[in-house]
Every structure is written in structure tokens, then in C-alpha cells.
Amino acid sequence: QVQLVESGGGSVQAGGSLRLSCAASGFPDSRYVIGWFRQVPGKEREGVAVIDRDGTTSYADSVKGRFTISKDSAKNTLYLQMNSLKPEDTAMYYCAADVWAEDLLRSDEYMYWGQGTQVTVSS
């Protein structure tokens with residue numbers, strides 16, 4: 001059974017940094033798409049950063065240059081390093097994965113989801 005468990009969220013001031021982690025289990029191998037999405041109450045879930053099956057990364061325009069996604073295959077753990085955080089980055093951050101995805105940053109492409117970790121950035 002596929003399971004995704006996020007951690008690392010918290011509260012920081014604008015300009016600060018956080019690193020989120022997602023522990024993945026239940027996949028037969030490392031050939032899957034996995035990434036980070038975020039959602040604010042009342043708004044649509046937004047794709048943040050994704051690693052494709054071949055290791056290619058994709059980022060939302062709003063986080064390019066500030067966030068970095070990476071994966072430790074040996075530990076089956078996904079990371080999101082978030083620097084220069086802004087108040088508009090405040091959201092619940094979710095880890096999501098699937099065996100493949102056509103549009104990497106579309107949330108409805110993904111079958112498996114974690115429970116989320118809250119990130120709050122104060123101005």
C-alpha cells in the first residue's frame with residue numbers, strides 16, 4: 001500500500017527558510033512521479049514542484065529560484081527546500097505521487113496523497 005507522510009512545516013518570518021520532507025513507501029521501484037502541492041482554504045490546489053520519472057524537475061513560476069525539490073532514492077524521501085519565503089507561500093503543503101502524470105503540476109493527475117503539513121509565513 002502506498003503511503004506518503006509529510007513533515008517539516010512550521011511558522012517562519014518572511015525571508016526565512018524551511019525544508020519539507022515526504023517519506024514514501026509502497027512503490028515497487030523509484031520510477032514514479034512525486035512532488036509538492038499546496039492549498040489555501042477557499043482556493044484551488046496548486047502544483048509547486050515535481051520530480052518526473054526520469055528525474056526532471058518542474059516548478060511553478062511563483063517559486064522558481066526560491067524552492068528546490070530533491071529526492072533521496074535510497075531513503076525513499078522527497079524534500080522541498082524553501083528559501084526567501086513570502087507570506088503568499090502560506091498554505092497546507094501536500095506530497096503527492098503516481099506512476100506517471102501527463103501534466104506534472106496538475107493536482108488531479110495524482111492518485112496518492114499525504115495528509116499535509118502547514119507552512120505559515122508572517123510578514
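The model is predicted, and local features need pLDDT of at least 70, side-chain atom pairs count only at pLDDT 80 or more, and totals for chains, interfaces and linings use all residues. Residues are numbered from 1 along each chain as its sequence is written, and side-chain values use heavy atoms, with hydrogens and water left out.

**View 1. Surroundings of Arg-66.** Arg-66 lies in the loop between strand S6 (57–59) and strand S7 (67–72), where strands are DSSP runs of E with at least two residues, numbered from the N terminus. With a relative accessible area of 10%, Arg-66 is buried (buried means under 20% relative accessible area, exposed over 50%, partly exposed in between, with a 1.4 Å probe and protein chains only). Its side chain reaches the backbone oxygen of Ser-84 at 3.0 Å.

**View 2. The salt bridge of Asp-89 and Arg-38.** The two side chains meet at 2.9 Å, N to O, a salt bridge being a side-chain nitrogen of Lys or Arg within 4 Å of a carboxyl oxygen of Asp or Glu. This pair links distant parts of the chain, with Asp-89 in the loop between strand S8 (77–82) and strand S9 (91–98) and Arg-38 in strand S4 (residues 33–39), 51 residues apart. Both Asp-89 and Arg-38 are buried, and a network of salt bridges links Arg-38, Glu-46, Arg-66 and Asp-89.

**View 3. The salt bridge of Asp-61 and Lys-64.** The side chains of Asp-61 and Lys-64 meet at 3.1 Å, N to O. Asp-61 is exposed at 63% relative accessibility, whereas Lys-64 is partly exposed at 49%.

Notes
Helix = DSSP H or I, 4+ residues; strand = E, 2+ residues; numbered from the N terminus. Polar contact = N/O pair within 3.5 Å; in protein donor to acceptor, adjacent residues only side chain to side chain. Contact = heavy atoms within 4.5 Å. Lists of a residue's contacts leave out its neighbours within four places in sequence.
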